[in-house]
Amino acid sequence: MPWQVAAVALVLAFALPLLHSAEDKKLTVYAPGKAYELAISDVDKQEYASLADLLSPLGKFEQHAALGTFHFRLNDKEGEFTQGKKLSRVGTVQLLIPAKAVLDHGRLLVPVRAMPGLLERFGFKADLHAAGRRLFVGDAGERVNLEVKKPGENLVISFPAVVSPAVTTEGNRVHLLFTKDPVTFWADSIAYTDKLFTQAKFIEQNGIAEVVITGNAPLAANLTDGGKSISITAAPQVAAANSAAPTATSTVAPPVTATPQRPTAPVTTPQPQLPQLQQKNAPTSASVPFFVMIDPSHGGDEPGARFSDKLLEKDITLSLARKLRTELNNRGITALLLRDNDATLTYDQRAVATNARRAGIYISIHAGMPGSGVRVYTSLLPAEPVEKNAKPRGPFVPWDNAQAGYLARSQTLATSLVAELGSANITSASAAAPLLPLNSIAAPAVAIEVATPQTDSKIDSLGAPKYQQSIAVAAAAAIANVRGKLEERR
Ligand SMILES: [Zn+2]
């Protein structure tokens with residue numbers, strides 16, 4: 001249909017900031033006082049990254065290259081590396097890296113697993129968490145300490161320095177997502193026999209660390225100690241999701257056992273709080289109840305479109321997301337927000353969080369002009385590589401193709417959304433578009449982009465509560481209509 005072709009063209013023109021720069025796989029390097037990311041390339045089934053990008057933030061750096069041989073100087077150490085060679089030299093020491101150095105767009109790439117050894121030669125201690133793609137340089141790693149301070153009431157996670165995780169709560173779980181903080185853990189998981197807390201899990205994935213605390217009741221998290229601690233407690237309301245009826249905020253019993261007990265003896269308390277180490281990678285087989293993951297696009301440092309001095313896309317997406325959550329809850333459907341504050345999240349983080357929690361539906365919200373009403377997008381998956389020289393994909397599940405198995409259900413959802421919006425007299429149409437992170441979502445997934453009600457409406461109408469409410473009602477009805485269809489095949 002011509003309209004849809006036009007819509008795709010519009011998206012391509014207006015959604016460019018959404019498009020990720022093909023650096024899906026990344027290594028996060030944590031050095032004292034800084035953290036930075038290196039893009040990873042797969043070469044012969046090994047992960048490679050630029051050596052200059054690794055070294056240059058670590059001190060005074062110079063490089064010279066000629067005929068495939070690179071000289072790197074970091075502070076007072078000089079090294080020589082040659083394209084196509086394993087043999088290299090740092091200072092006076094000859095060394096073999098595990099696989100040959102390669103040239104990519106004029107940059108020298110070395111295997112990621114060679115990096116700790118090379119850093120050591122350049123004078124830095126280094127520790128690589130290969131599976132999670134995190135590299136700790138010097139004393140950058142900061143071990144997290146978890147302690148149930150008051151049994152049945154609060155669990156405190158403390159850090160040696162201030163941290164800034166993205167915090168999301170999901171029923172009985174709290175997720176803390178660390179992108180720049182060099183947090184490390186001493187086990188993969190801890191089981192608690194506490195009344196409230198059952199488990200703490202630590203996950204490292206694609207340069208990101210996540211702590212997941214699970215309890216027997218809805219949990220909430222608060223930063224304390226000037227940002228150096230996070231206190232997890234029972235959430236102040238029965239299921240934060242049931243926002244429909246404002247229940248009394250004091251559902252949580254006040255600390256009944258809080259007779260003024262001095263915290264002197266309890267430090268060496270018996271088993272109840274003693275964490276129990278579990279096997280690495282113990283399989284988690286718990287089935288996940290159906291829920292909708294709502295992704296208010298943009299946020300934090302990344303405002304999205306600026307419609308006026310006061311009207312930012314990131315605020316519109318959040319307020320609409322909250323309305324949609326309420327409307328879904330009213331229909332008995334659990335819904336979570338990927339951010340419920342002004343957090344900055346990357347597209348990768350959004351996809352990782354959605355997939356890790358096994359969302360039943362993912363819906364991303366944008367606001368954008370021109371046009372009118374609501375555009376509904378499903379993933380435009382890249383065509384299968386047919387070129388003769390297509391790179392081997394390596395042993396990893398293709399991150400940018402996770403949506404492939406869900407596309408038909410995503411389209412079912414999009415069709416339902418367009419129909420319900422239409423019934424509510426909101427202009428709407430659907431199209432396929434290369435919007436991030438749709439391709440990476442392992443669930444029925446759509447993105448909606450909200451424009452003003454009419455092409456000649458004032459721009460302020462984007463933020464009008466009544467307009468947003470009508471969209472939220474229609475979208476929630478559309479999801480409720482197809483939920484059964486989408487869910488039965490999970
Ligand atoms: Zn946007």
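Lys34 has its place in strand β2, where strands (E, at least two residues) and helices (H or I, at least four) are DSSP runs numbered from the N terminus. Lys34 counts as partly exposed because it has 13 C-beta neighbours inside 10 Å; on this scale a residue is buried if 20 or more other C-beta atoms lie within 10 Å of its own, exposed if 12 or fewer, and partly exposed in between, with C-beta atoms placed from the backbone. The model is predicted, so that local features need pLDDT of at least 70 and side-chain atom pairs count only at pLDDT 80 or more, while totals for chains, interfaces and linings use all residues. Residues are numbered from 1 along each chain as its sequence is written.

**Lys34 and the four-stranded sheet**

- Lys34 lies 8.9 Å from Asp181, C-alpha to C-alpha, although the two are 147 residues apart in sequence.
- An open sheet of four strands runs in the order β2-β1-β13-β12 with mixed pairing, and two strands pair if DSSP finds at least two bridges between them.
- The edge strands of this sheet are β2 (34-39) and β12 (126-129), each of which pairs on one side only.
- From one strand to the next, the twist averages 20°.
- Strands β1 (residues 26-31) and β13 (residues 134-137) pair in the parallel sense over three bridges, and Val29 has Leu135 in β13 as its bridge partner.

**The five-stranded sheet**

- Five strands form an open sheet in the order β5-β6-β7-β8-β9, and the pairing is antiparallel.
- At its edges are β5 (61-66) and β9 (93-96), each pairing on one side only, and the twist averages 20° from one strand to the next.
- Strand β7 (residues 77-82) pairs with strand β8 (residues 87-90) in the antiparallel sense over two bridges, and the bridge partner of Glu80 in β8 is Arg89.

**Helices α4 and α7**

- The axes of helix α4 (residues 313-330) and helix α7 (residues 465-487) come within 8 Å and cross at roughly 45°, the axes being lines fitted to C-alpha atoms over the stretch in contact, with angles from 0 to 180 degrees between N-to-C directions.
- That angle makes α4 oblique to α7, since angles under 35 degrees count as roughly parallel, over 145 as roughly antiparallel, 65 to 115 as roughly perpendicular and the rest as oblique.
- Residues in contact (C-beta atoms, placed from the backbone, within 7 Å) include Leu320 and Leu324 in α4 and Ile471 and Ala475 in α7.

Notes:
Two residues are in contact if their C-beta atoms, placed from the backbone, lie within 7 Å.
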